Every structure is written in C-alpha cells, then in structure tokens.
Amino acid sequence: GRALEFGLALPEDARVTAKLYTQQGELVATLADDQFFARGYYGGPVETRQGPGLVWKGTNEGGATIASGIYLYQVEAITPDGRTLLRAIRKIVVIR
C-alpha cells in the first residue's frame with residue numbers, strides 16, 4: 001500500500017503528538033508520541049524541508065491494513081515552555 005505523509009510547519013521547537021482514530025474514537029495508529037521537532041518545515045518538497053513529515057502506512061497499531069472509511073487525524077504541538085503551537089483535528093478518507 002501507499003504511505004501518506006503529513007506535513008508540519010513549526011515556527012518554534014515543539015514536542016508533537018499525532019494520532020489517527022476511527023470516527024467512534026478508537027485509536028488506529030500513533031504517528032508521533034511527544035516527539036521533539038526543531039522549528040522548521042517537515043514534509044513537502046525535499047529542497048525546502050527540514051526533514052520528513054509524519055508518515056502513516058495505512059496500518060493500525062498491530063500492523064494490519066485498515067479498511068476503507070473515514071478516520072480522524074489529531075495533531076498537537078507544544079513548545080518547551082508549555083505553549084500550544086498547534087492543535088487540530090482533520091478528517092481523512094481512505095479508499096481501497
């Protein structure tokens with residue numbers, strides 16, 4: 001299967017947590033768990049990015065390929081001094 005890369009634009013250093021859930025709120029996959037990222041751009045064109053974005057291979061926590069459907073992507077970025085830089089939830093449609 002194909003992987004999906006989620007980009008990040010961080011104006012400051014931050015610890016990032018990003019997870020995918022079913023519409024019922026069940027955890028599907030953890031892409032980052034309180035992972036440190038230096039300020040910069042992650043994902044997108046190679047020549048402008050600090051490094052790769054958050055990559056999801058279309059599998060659940062156990063490594064099994066997930067079914068077609070609508071999933072929720074939740075991301076949060078917190079600065080070292082505790083300020084929230086980013087907190088968002090987006091829908092993702094998976095079609096197999």
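Some ground rules. The model is predicted, so local features need pLDDT of at least 70 and side-chain atom pairs count only at pLDDT 80 or more, while totals for chains, interfaces and linings use all residues. Residues are numbered from 1 along each chain as its sequence is written, and side-chain values use heavy atoms, leaving out hydrogens and water.

Start with strand β3, residues 14–22. Strands here are DSSP runs of E, at least two residues, numbered from the N terminus. In a regular strand, side chains alternate between the two faces of the sheet. Look at β3 with that in mind. Its covered face holds Ala14, Val16, Ala18, Leu20 and Thr22. Its uncovered face holds Arg15, Thr17, Lys19 and Tyr21.

Which strands does β3 pair with? Pairing means that DSSP finds at least two bridges between two strands. β3 pairs with β4, residues 27–37, in the antiparallel sense over seven bridges. Ala14 has Phe37 in β4 as its bridge partner. The hairpin of β3 and β4 has four residues between the strands, and Gly25 there takes a positive phi near 90 degrees. β3 also runs antiparallel to β7, with eight bridges joining them. Tyr21 stands opposite Leu72 in β7.

Stay on β7. Ile70 sits in that strand. Is Ile70 buried or partly exposed? Partly exposed, because its relative accessibility is 35%. The cut-offs: buried is under 20% relative accessible area, exposed is over 50%, and partly exposed lies in between, with a 1.4 Å probe and protein chains only.

Now the loop between β7 and β8, where Thr79 is found. Thr79 counts as buried because its relative accessibility is 4%. Beyond four places in sequence, Thr79 touches Glu12, Asp13, Ala14 and Leu85. Contact means heavy atoms within 4.5 Å.

Last stop: Ala64, in the loop between β6 and β7. At 39% relative accessibility, Ala64 counts as partly exposed. Leaving aside neighbours within four places, Ala64 is in contact with Gly58 and Thr59. Ala64 and Tyr42 are 22 residues apart in sequence and 26 Å apart in space, C-alpha to C-alpha.
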